[in-house]
Amino acid sequence: MDEEEKRCGNCRYFSRHYFKYKAKLLKADCGNCVNPAHPVSAGKKCGSGNYVCGLWEPYEIQLTERREAIKEKLQRIAESLNDVVLILKDDE
């Protein structure tokens, strides 16, 4: 990835801020670094600007981790729903 493409906004550790406008949730052009190696005092708001620190990692890693977590959660929900179905059938 070119240095030009590296920025806080496309980093694995960028946690975007959102705001509510009327009945919609909209992305703000700012957020925080949530890298555990990043000092809390330095976890300043950052956006899509050109600033990038030495802790930058590709955003795709965050997407992969998030998808896996969602899949696991959905599997647990499906298992719970199956349990509920069995209970309801037993109560008939």
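This is a predicted model: local features need pLDDT of at least 70, side-chain atom pairs count only at pLDDT 80 or more; totals for chains, interfaces and linings use all residues.
Leaving aside residues up to four places away in sequence, Arg 12 touches Glu 57, Pro 58, Tyr 59, Ile 61, Gln 62 and Glu 65.

**Arg 12**

- Arg 12 lies in the segment that comes before strand β1, and its side chain is joined to that of Tyr 13 by a polar contact of 3.4 Å.
- Because its relative accessibility is 18%, and buried means under 20%, Arg 12 counts as buried.

**The hairpin of β1 and β2**

- Strand β1, which covers residues 14-21, pairs with strand β2, which covers residues 24-33, in the antiparallel sense and over 7 bridges.
- Tyr 21 has Lys 24 in β2 as its bridge partner, while the hairpin has 2 residues between the strands, and in this hairpin Lys 22 takes a positive phi near 55 degrees.

- Ile 70 has its place in helix α1, which is made up of residues 59-91, and together with Leu 74, Ile 77 and Leu 81 it makes a nonpolar surface patch of about 380 Å².
- Ile 70 counts as partly exposed because its relative accessibility is 46%, a value that falls between the cut-offs of 20% for buried and 50% for exposed.

Terms used: Residues are numbered from 1 along each chain as its sequence is written. Side-chain values use heavy atoms; hydrogens and water are left out. Two strands pair if DSSP finds at least two bridges between them. Helices (H or I, at least four residues) and strands (E, at least two) are DSSP runs, numbered from the N terminus. Buried means under 20% relative accessible area, exposed over 50%, partly exposed in between (1.4 Å probe, protein chains only). A polar contact is a pair of N or O atoms within 3.5 Å; within protein, one must be able to donate a hydrogen and the other to accept it, and residues adjacent in sequence count only if both atoms are side-chain atoms. Contact means heavy atoms within 4.5 Å. Patches are made of residues with over 30% relative accessible area and no salt bridge: like charges are joined within 9 Å, nonpolar side chains (Val, Leu, Ile, Met, Phe, Trp, Tyr) within 5 Å. Accessible areas come from the Shrake-Rupley method with a 1.4 Å probe; for residues, only the protein chains shown count as cover. A salt bridge is a side-chain nitrogen of Lys or Arg within 4 Å of a carboxyl oxygen of Asp or Glu.
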